[in-house]
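Hi,

Here is the structure I promised to pass on. Have a look at it first, and my notes follow below.

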Amino acid sequence: MSALLAAEVNVAQNVGFYIIAALMVYGALRVVSTRNVVHAALWLVVVLGGVAAQYILAAAEFVAVSQVMVYIGAVMVLFLFGIMLTRATIGAETDLNNRGWGVGIPVAGLLLAVMVWAVIDEFGSSVIEEPAAPMATTAISDVFLREGLVPFLALSFVLLAAAIGAIVLARKD
Amino acid sequence: MYAANFLLLGAVLFSIGVFGVIARRNAVMVLMSIELILNAVNINLIAFALMNDSAEGHVFALYVIAVAAAEVGVGLAMVLMIYRNRRSIALDELSEMRG
């Protein structure tokens, strides 16, 4: 707690971070553990909204707005349509997990241990300086339209191909 | 703000997503777990952008968001097609390509 009250650390920002982070981790655990597919999608909304809130805490407002529009606005609607078009029942189900689902716990635990060790080892004591202002959208667009122009155009083609591919795949013929 | 905060949150979300990909049998649930993983990566990218005070991390995060949207669109179309052909989206029943 004394570390939290150090002069260079903004206490309110940290408290907000921990509250949102706890909500997100609980929501993520519910996504992978609930027996109801629709509930999993709604818990995923909690996680994605929490991610958007963390972006705002990290002074990334443009990415936060994109996150809300693309993920919560579009991707979640796609997921809900996908659930409704593929499930006969809207309710609890018993066969959502593989038979060998327990293998996932040690794998995920080991992965988490390695990543936590690496992060603590490298960034354990470093403190991020508070940014003077949120990242300007003009700075992001400058990167997009100079160094990132070719990947940006490639991404446009990826989205076009994905849209056409999705129509072709899902069409009834 | 501690640098490790965002990175540890990303690591936790990533591990939960990996568990979901391994444990779930329903294809839509696996796609949701992949979304968790991609969001964990995005949190890390934004954290590094904040550390270095640069816009490149934001641009990478936006690329990831766009690719994730494309992936969900195509993935759910494939799930719909599989469901139409087999009346089931259980991943362990898709074994035709097993050698």
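Leaving aside residues up to four places away in sequence, B:Leu9 touches A:Ala21 and B:Ile43. Keep in mind that this is a predicted model. B:Leu9 sits in helix α1 of chain B, which covers residues 3–23. Is B:Leu9 buried or exposed? There are 24 other C-beta atoms within 10 Å of B:Leu9, and the cut-off for buried is 20 or more, so B:Leu9 counts as buried. As for B:Arg25, that residue is 16 residues from B:Leu9 in sequence, and the C-alpha atoms of the two are 26 Å apart in space.

Now to where the chains meet. Chain A puts 75 residues into the contact and chain B puts in 62 residues. On the chain A side, the helices that each supply at least two residues are α1 (11–33), α2 (37–57), α3 (61–86), α4 (104–123), α5 (137–145) and α6 (149–170). The largest share, 13 residues, comes from α3(A). Sorted by class, the side of chain A that touches chain B has 59 nonpolar residues, 15 polar and one charged.

One more helix to look at, this time in chain B. Helix α3 of chain B runs over residues 56–86, which is 31 residues. At 1.5 Å a residue it should span 45 Å, and its end C-alpha atoms are 44 Å apart, so the two figures agree. Just after α3(B) comes B:Arg87, which takes a positive phi of about 60°.

Cheers

Terms used:
Residues numbered from 1 in each chain as written. Chains lettered and ligands numbered in written order. Predicted model: local features only at pLDDT ≥ 70, side-chain atom pairs only at ≥ 80, totals over all residues. Contact = placed C-beta atoms within 7 Å. Helix = DSSP H or I, 4+ residues; strand = E, 2+ residues; numbered from the N terminus. Nonpolar A, V, L, I, M, F, W, Y, C, P; charged D, E, K, R; others polar. Expected span 1.5 Å × (residues − 1). Buried ≥ 20, exposed ≤ 12 C-beta atoms within 10 Å, placed from the backbone.
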